[in-house]
Amino acid sequence: MANIKEYARNKEGSNISKIVVDRDLCIGAASCIAVSGETWELDNENKAIVTNAGAGANAVDDATLLMSAESCPTKAILLFDKAGVQVFPK
Amino acid sequence: MEEYKYLIIGGGVAGTTTAETLRQNDKDGSIAIISDESHLFYSRIMLSKPNFFLEKIPFDKIWLKKKEWYEENKIEFLGGEIATKLDGQQKTVELKSGKILKYQKLLLATGGEARPWPLPNADKKGICYVRDLDEAKDLMENVKTAKQAIAVGSGFVSFEMCEMMRLAGLEVTLIMREPYYWYPLLDEESSKMIEEAMIKGGVKILRNNEVCEIIGNENIEGVILKDGTKIDCQLALIGIGLVCNLDWLKEAGVEINKGIVANEYLETNVTDIYTAGDVAEFKDLVLGERIQLGNWVNAQMQGRVAANNMIASNGSTSLTTRKPFRFVSFYTATGFGLNIAMSGDVRVKPEYKIIKRGSPDIHSNDHLDVVGFARIIVDGNDEIIGATFINRTQDMSVINKLIESDFKVSGHKSELADINFDLKQLLPK
C-alpha cells in the first residue's frame, strides 16, 4: 500500500490499537463520518482523516469504530488489534 | 409457502444494511433478501469513480459482502428475482418466477433505475448508463473502443463520468438543457468553478441545448442537437436522473408518490411494511418536509433505522425501541481537481440567505485547493439549513453538526465567512 495514513489507538479496554486509512481507496463518500463524526472528518483533499490531529482515534468504543469502518463503500479503513492482526476487513 | 420473519426487497445498501442490522439484534429470526440483480451486495457508489473504471482500484474491491457472509448470518439471498405483486393483508409477495413468499415484516428498498433517454433509437449500442454493475461493465467495454463521447445531463454522474472518459483519452462533449451546471441546485458562481475545471480538463460544454436525433445503425454514430449541430460520437453516457418502478405496489394499497411514502419512522401506511433508501419518500425531521434522496450514505443510515423499527414493532419482548430517522443528508463527488459536496437543503429559495466562505474565483487564486468556496445557506429563522462546498469539504462535518443543532447564525456571520476562523469553535460544548 503506497498511500496510507496510520493512527495509534490506546483507548482503555479497547482491542483495536491501530487505524489505517488507504487514501488511494478513499473516495470521500464520508459514510464513516455519518456513523462516527467524533472519529472522522474530511481533509482538504476530500479524504477521511481522524479528527483532532489523530486524537480522535480514541473517541468512540470498539463497536462504533468498527461500524464506521464497515460503512465504507470502498473498504478504505483497516483496523488492527494489539497483536498486529487485521480485524477489519477480514 | 416459504415464510420469513423479515423479508427485504432490494439487495443494495439500504436492503443489505437493514439485513445486517436485523441480524445483529435478532439472532434467530429468518431473513431473506430479494434482488432483481443476480450479484451479491456491491459498492454501487464505486461504479461512477474514475479510479474504478480505469482499473486503478482492483475490480474485486467492488464486492462488499461475500457469499460466506450471507451463509454465516443466515441471510437468504434470492438473486435475479423480481417482486411483481404485494398483498399487504395476507402479507405475501409474489415473484416473477411464480414463487409466493409470506412475511411478518417487509422492507421495500427497491431503489431506482437510470432514467431512460426519452428519444427514438435510444436502444443503440454505445448508449450507456451507470446505475448498476452490468451497465457499468457495458460502459467499460465501450470506453475501450470509442474515440468521441457525449455526456448528457448536469449532475454527479456526468461530472464523474466526464472525468473518467477524459482520463481514458476520449474527446468529450457535455450536452445539458440547463443554463449552467447543476442548475438549479448550485448557484451560478459555484457552477462556473465546476465548468471552468471541466473545460480546463478538456470537456466541451454545450448549455441550453439537447439532443433531438440519434444517428447510427446498430451502434450510435452521432447525434443532432436541437440547434442543428451534428456531433460524431461512438459513446453516449446518459445521466439524467432516476426513476422508481412502483406500479406493482399500486394494488397493494401502499401510498406512493414519486417514491414510497413513509413517515419519520420509515413506516409506510400499511402495517408492517417499511421503506428505505432511494425509493423512500420520507418525512425529513431536519428539513421538516417530505423528501426523497438518492445517495449512498442516506440509504445506509436509513437501513439501520428501518431495521431497528422493524424489530421494535415486534412488541414487548423486543430489546429496542422505535426511533425516528433524523440525519443531515449529504453527498460528495470528486473530479477535475475539485471536491464537491452538498449538505442538507441546497435548494434556491427567495427567503434563503447565503453566507460565502472562501472564494469562487478560479483564476486569481493559484491556491484553490487550499481556499475553495463554500456557500452556507440560512433560512428565514436565521438557522443554517444547508451548504455547498467546492474544495472545502473539510468544513462539511462541522456545518452538518450546525445544521443538526439548529444553530442561529446571528452574531456569527463574519466568523462563518472567514476561512481562517476554525468553525469547530461554534459547536455546542
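Predicted model: local features only at pLDDT ≥ 70, side-chain atom pairs only at ≥ 80, totals over all residues.
Next I looked up the make-up of chain A, which has 2 helices and 6 strands, arranged from the N terminus as β-β-α-β-β-α-β-β. The radius of gyration of chain A is 12 Å, close to the 12 Å that the globule rule gives for 90 residues, so chain A is as compact as a globular protein of that length. Its C-alpha trace spans about 30 × 25 × 20 Å along the principal axes, and 44% of its 90 residues count as buried.

I then turned to where the chains meet, and found 18 residues of chain A in contact with 22 residues of chain B. On the chain A side, α1 and β3 are the elements that give two or more residues, and α1(A) provides the largest share, 3 residues. By residue class, that side of chain A divides into 8 nonpolar, 7 polar and 3 charged residues.

I followed this to helix α9 of chain B, residues 396–404, where the buried residues are Met396(B), Ser397(B), Ile399(B), Asn400(B), Leu402(B) and Ile403(B). What covers the buried residues of α9(B)? I found that the cover includes α1 (31–35) and β3 (40–42) of chain A, together with β21, β22, β24 and β25 of chain B. After α9(B) comes Asp406(B), which has a positive phi near 50 degrees.

Within chain B I traced an open sheet of 5 strands in the order β8-β15-β9-β10-β11, with parallel pairing; its edge strands are β8 (127–128) and β11 (203–206), each pairing on one side only. Helix α5 (residues 156–167) of chain B packs on this sheet and touches β9, β10, β11 and β15 of chain B, while its direction makes about 165 degrees with that of β10(B). Looking at one pair of strands, I found β9 (148–152) and β15 (235–238) of chain B running parallel and joined by 4 bridges, with Val152(B) opposite Ile238(B).

My last entry concerns the largest nonpolar core, where Leu107(B), Ala149(B) and Ala236(B) touch the most other members among 146 residues. Helix α7 (residues 296–312) of chain B gives the most to this core, with 9 residues. Leaving aside residues up to four places away in sequence, I listed the contacts of Ala236(B) as Gly126(B), Ile127(B), Cys128(B), Ile150(B), Val152(B), Ile220(B) and Val223(B).

Note on methods. Residues numbered from 1 in each chain as written. Chains lettered and ligands numbered in written order. Buried ≥ 20, exposed ≤ 12 C-beta atoms within 10 Å, placed from the backbone. Contact = placed C-beta atoms within 7 Å. Nonpolar A, V, L, I, M, F, W, Y, C, P; charged D, E, K, R; others polar. Pairing = 2+ DSSP bridges. Axes fitted to C-alpha atoms, helices over the stretch in contact; angles between N-to-C directions. Core = buried A, V, L, I, M, F, W, Y, C linked by C-beta atoms within 7 Å. Rg over C-alpha atoms; globule rule 2.2 N^0.38 Å.
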